[in-house]
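Biologist: I've just opened this one and I'm new to it. Could you walk me through it and tell me how you back up each label?

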Amino acid sequence: MKNNQQLISILTEKEQVEFIQHLKKKNKTKDEKNIQLFKLILNEPHLNNYAERIYAESNKNAFHALSKRLQDSLVDFIAIKAFENENSAEQELFKKILAARILVDHQNYKFAFKILKKAEFKRNN
């Protein structure tokens, strides 16, 4: 739970609203327990019994899964926002590194290292 609290604490008020919208788009059912948990952590960060507030009966396994899904969604959202704020030169470097990694996975080492050298040259200039 501490990880979720730390992730939520770095969001601005605008990002908090955007994150709720992100969750609403991502939710496949009308069950919005992830939004409910997010709001509870946001508004009552020192609460100890989040599971009891969300589930009528204490269901530790379901709560753990919910908490993990919220954490994954927060990490995904923060990464998306970070990429939006990155400049195009940094994005190009990330793309080259990712492409090189995929090529290494497919054992195309020569081309992968050629791409990495280009990325390194671009970073240094």
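Predicted model: local features only at pLDDT ≥ 70, side-chain atom pairs only at ≥ 80, totals over all residues.

Biologist: Okay, what makes the link between the side chains of Asn34 and Asn27 a polar contact?

Modeller: The two side chains come to 2.8 Å, and the cut-off is within 3.5 Å, so the pair qualifies. Asn34 sits in helix α3.

Biologist: Why is Asn34 called buried?

Modeller: Its relative accessible area is 12%, and buried means under 20%, so Asn34 counts as buried. Leaving aside neighbours within four places in sequence, Asn34 is in contact with Leu23, Asn27, Leu66 and Leu70.

Biologist: How do you know that the reach of α2 is close to what is expected?

Modeller: α2 has 14 residues and reaches 20 Å from its first C-alpha to its last, and 20 Å is what is expected at 1.5 Å a residue.

Biologist: Does α6 have a buried side or an exposed side, and what makes its buried residues line one face?

Modeller: It has residues of both kinds: Leu93, Ala100 and Leu103 are buried. Seen down the axis of α6, those buried residues fall within an arc of 90°, so they line one face of the helix. The face turned away from that buried side carries the exposed residues Ser88, Lys95 and Asp105. Helix α7 is part of what covers the buried residues of α6. Just after α6, Gln107 takes a positive phi of about 60°.

Biologist: Why is Phe113 called partly exposed?

Modeller: Phe113, in helix α7, has 47% relative accessibility. Buried needs under 20% and exposed over 50%, so Phe113 lands in between and is partly exposed.

Biologist: Now the rings. Why is the pair of Phe19 and Phe38 called tilted?

Modeller: Their centres are 4.9 Å apart and the angle between the planes is 55°. Rings pair if their centres lie within 6.5 Å, and under 30 degrees would be stacked while over 60 would be edge-to-face, so this pair is tilted. Phe19 lies in helix α2 and Phe38 in helix α3, so the pair ties together parts that are 19 residues apart in sequence.

Biologist: What makes the pair of Phe19 and Phe77 edge-to-face?

Modeller: Here the centres are 5.3 Å apart and the planes are at 65°. That angle is over 60, so the pair is edge-to-face. This pair links Phe19 in helix α2 with Phe77 in helix α5, 58 residues apart. Ring pairs link Phe19, Phe38 and Phe77 into a cluster.

Biologist: How do you know that Phe19, Phe38 and Phe77 are buried?

Modeller: Phe19 has 0% relative accessibility, Phe38 has a relative accessible area of 0%, and Phe77 has 5%. Under 20% is the test, so each counts as buried.

Biologist: Last one: which residues have the most contacts inside the largest nonpolar core?

Modeller: Phe19, Leu37, Phe38, Leu70 and Leu74, in a core of 21 residues. Helices α1, α2, α3, α4 and α5 each supply at least two residues of this core. Not counting residues up to four places away in sequence, Leu37 touches Tyr50, Ile54, Phe63, Leu66, Ser67 and Leu70. In soluble globular proteins, nonpolar side chains tend to be buried together.

Terms used
Residues numbered from 1 in each chain as written. Heavy atoms only, no water. Core = buried A, V, L, I, M, F, W, Y, C linked by side-chain atoms within 4.5 Å. Buried < 20%, exposed > 50% of the residue type's maximum accessible area, 1.4 Å probe, protein only. Helix = DSSP H or I, 4+ residues; strand = E, 2+ residues; numbered from the N terminus. Contact = heavy atoms within 4.5 Å. Expected span 1.5 Å × (residues − 1). Arc of directions from axis to C-beta. Phe/Tyr/Trp six-rings, centres within 6.5 Å; stacked < 30°, edge-to-face > 60°. Polar contact = N/O pair within 3.5 Å; in protein donor to acceptor, adjacent residues only side chain to side chain.
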